[in-house]
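This briefing is meant for a reader meeting the structure for the first time. Please look over the sequence and the model below before going through the notes, which are grouped by topic.

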Amino acid sequence: MAMRTVTFLPSYRKIEVARGTTILDAAQRAGLNMNVVCGGQGKCGKCIVFIQSGKAEFDSQKYGRFFSEEELQKGACLACETLVQGDLHVIIPENTLIQEQKILVAGQENPIELRPSVKKYYVELLPPTLSDPSPDLSRLLWGIQKSGGPVAEKMYAPLEVLREIPSVLRHSDWKVTATIALVPGGYRLIDLQENDTSKRVYGAAVDLGSTTIVVYLWDLLSGRTVSVASNYNRQISCGEDILARVNYARKNGLSRLQALAAESINQALTSASNTAGIDREDIYEVVVAGNTVMTHILLGIDPAYMIAEPYVPVVRRALSVAAGRIGITCNPNGGLFAFPAVSDFIGGDIIADILACHMAERDEISLLIDIGTNFEVVLGNKEWMFSCAGAAGPALEGGEVLFGMRANPGAIEKLTIDPDTLDPRYSTINGIKPRGICGSGLIDLLAELLTACVIDRTGRINTTIDNPRIRKTGHFPEYVVAWADETDIRKDIVITENDIKNLIMSKASVHAACVTLMKQAGVTHTEISTIYFAGAFGNYLDKKNATTIGLIPEIGFDQIKNIGNGAVAGANIALINRRARKTLDEIAYKIAYIELNAESSFMDEYTSSTFLPHTDLSLFPNVQKMLDACRIRKG
């Protein structure tokens, strides 16, 4: 088969691909990570490139809504929908590549009782004699017991450590530091070092996200955080969303995905270790919280059967493995603990959220919501829990919105609108000129447009308002958020009526899921004591605006709490406190998973939630008062 050469500018990276390959696939193979929020389905319009020369196939009529005439004349196209026909030179604009993202690294910072699974013991032993010829291992284990360690008979040493014992004991003049880890099989001797290294014992808590990795490095002796690091998950080059990665794994790509996950964690571990000035070999335990698919891939377990009926994971329980076996570079005999899961969609990251907000320890009923491209919802208390998951749609992450974007520099993240002039005031990430609007900014914008009477409860823009920011150009009416001369992209940043429709459908999915669980449990919104938001989206969300648009049930604003990065907060707790770790499987098995597609009431609730905030305003009495005041003010 004749191959075609694609040259990407301005980096001049070249890659040979078969005719008919998409430019997106070619770019990913060349190591260029493009911003494909929709997973390469031609829906978000973020993977814009320009054909400088060569032959390619692109339906500009079908996807013309994403471009101006001037851009089309310059060769603009979507990388995911453009097929390579001949040798090409392709220009990739800076905004098309994945940029530095505002990664949420902070979780709830509550005191954690220090009870780690790994401890070090410094011992000074008497060497063997003819009158005391006990074996080296027995001598060592008895010495550990005398130094406050476990009972000698309950400890064991793996073969790798046994081989090191005789030389380490004699080279150190019988003064050594032993590292003991409590693992499912008992107390395991995982390391033996010469002299006193008892003050050097560290552990790492990892949030293994599909987009980002966050690592907290802990001193397991003092119980304090010594450094934090984060970076992108390198698997993005194989597909932006979970489904794309599972499909990649099915095409003999599992080993590559596993290696990329390990490399991503190692990169963050290295960064955290360098910042703290420690040796990675002094990291003896890594605790990982990730969704079910990500955990399977990290462990090299085939995730393919989770995306087809009946959607069954290979394993649900918590797992402990030798970190080195899966390529994690910490102490050679260090361990890795992976959180348990509930189902294919409710994974270890959600169990970590639950651990972090302590909802499984209280009598009061709580509602936990974690929103990304997908959303997860958990309702319950220490006696019972119901959970569900679904597709929020990429709109809430900036996809399927014309000027939506990830939480990158230049994204409008907060916004208000003057109800009289309809002029907006906004702030952007890093305080630079706006390039688009991220999820939290879109929620603000939707709520502000509603309360300023620019849109009605169905999301239609009132085009009878005489204001230059409200106009109809092209396909849909739109509201101008920022004029071209104040933006970094030299275009008017707008939100269209179609964008608003996509946002309403996304928020309706989340609200309908909440109500479905509430009806399953037989509770009303008045019985919910707390709503917890986990994850980056919820952390930067305005509580009032989230309620105004009907993203969540209406309760008191002081009852809505952000737990930040709940996945890493939960992983921190499990790393530092072994007793908390023991509760994880119990929590996971207590949660009943509700398949929304099988619930006939879900679609009814979804339809009712496709209004702002809802068809039944009695469920949102405070929002109703605000809307009534708006109508009176506008006459």
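**Briefing**

The largest nonpolar core has 68 residues, and those with the most contacts inside it are Ile369, Ile371 and Leu551. A nonpolar core here is a set of buried Ala, Val, Leu, Ile, Met, Phe, Trp, Tyr and Cys residues joined through side-chain atoms within 4.5 Å, where buried means under 20% relative accessible area, exposed means over 50%, and partly exposed lies in between (1.4 Å probe, protein chains only). The model is a predicted one, in which local features need pLDDT of at least 70 and side-chain atom pairs count only at pLDDT 80 or more, while totals for chains, interfaces and linings use all residues. Residues are numbered from 1 along each chain as its sequence is written, and side-chain values use heavy atoms, with hydrogens and water left out.

- Leaving aside neighbours within four places in sequence, Ile369 is in contact with Glu376, Val377, Val510, Cys514, Ile531, Tyr532, Phe533, Ala534 and Ile552, contact meaning heavy atoms within 4.5 Å.
- Another core, of 46 residues, lies apart from the largest one, and among its members are Leu220, Ala289, Cys357 and Ile587.

- Four strands form an open sheet in the order E6-E8-E9-E7, with mixed pairing; two strands count as paired if DSSP finds at least two bridges between them.
- Strand E6 (118–124) and strand E7 (155–156) stand at the edges with a single partner strand each, so one side of each is left without a neighbour in the sheet.
- Strand E8 (residues 175–183) and strand E9 (residues 186–194) run antiparallel and are joined by eight bridges, and in this pair Leu182 stands opposite Tyr187 in E9.
- Helix H4 (residues 159–171) packs on the sheet, where it touches E8 and E9, and its direction makes about 40° with that of E9; such angles run from 0 to 180 degrees between N-to-C directions, the axes being lines fitted to C-alpha atoms, for helices over the stretch in contact.
- Helix H3 (residues 136–146) lies across E6, E7, E8 and E9, and runs at about 105° to E6.

**Salt bridges**

- The structure holds 15 salt bridges, each defined as a side-chain nitrogen of Lys or Arg within 4 Å of a carboxyl oxygen of Asp or Glu.
- Asp136 forms one of them with Arg170, the closest N and O atoms being 2.8 Å apart; this pair links distant parts of the chain, since Asp136 belongs to helix H3 and Arg170 to helix H4, 34 residues apart.
- Within that pair, Asp136 is buried, with a relative accessible area of 17%, whereas Arg170 counts as partly exposed at 43% relative accessibility.
- The side chains of Arg139 and Asp132 also meet in a salt bridge (3.0 Å, N to O), with Arg139 buried at a relative accessible area of 8% and Asp132 partly exposed at 33%.
- A further salt bridge joins the side chains of Asp423 and Arg469 (3.0 Å, N to O). Asp423 lies in the loop between strand E19 (411–417) and strand E20 (424–428), and Arg469 in the loop between helix H8 (439–451) and strand E22 (470–473), so the pair ties together parts that are 46 residues apart in sequence.
- Of these two residues, Asp423 counts as partly exposed at 35% relative accessibility, while Arg469 counts as buried at 8%.

**Backbone details**

- Leu9 and Pro10 are joined by a cis peptide bond with omega of about 10°, and Pro10 lies in the loop between strand E1 (3–9) and strand E2 (13–18).
- Another cis peptide bond joins Glu309 and Pro310, with omega of about 5°, and Pro310 lies in the loop between helix H6 (292–298) and strand E14 (319–322).
- Tyr311, found in the loop between H6 and E14, has a phi near 60°, a positive value in a residue other than glycine, and is partly exposed, with a relative accessible area of 32%.
- Arg490 has a positive phi of about 60° although it is not a glycine; Arg490 lies in the loop between strand E23 (476–482) and strand E24 (493–496) and is exposed, with a relative accessible area of 74%.

Notes: Helix = DSSP H or I, 4+ residues; strand = E, 2+ residues; numbered from the N terminus.
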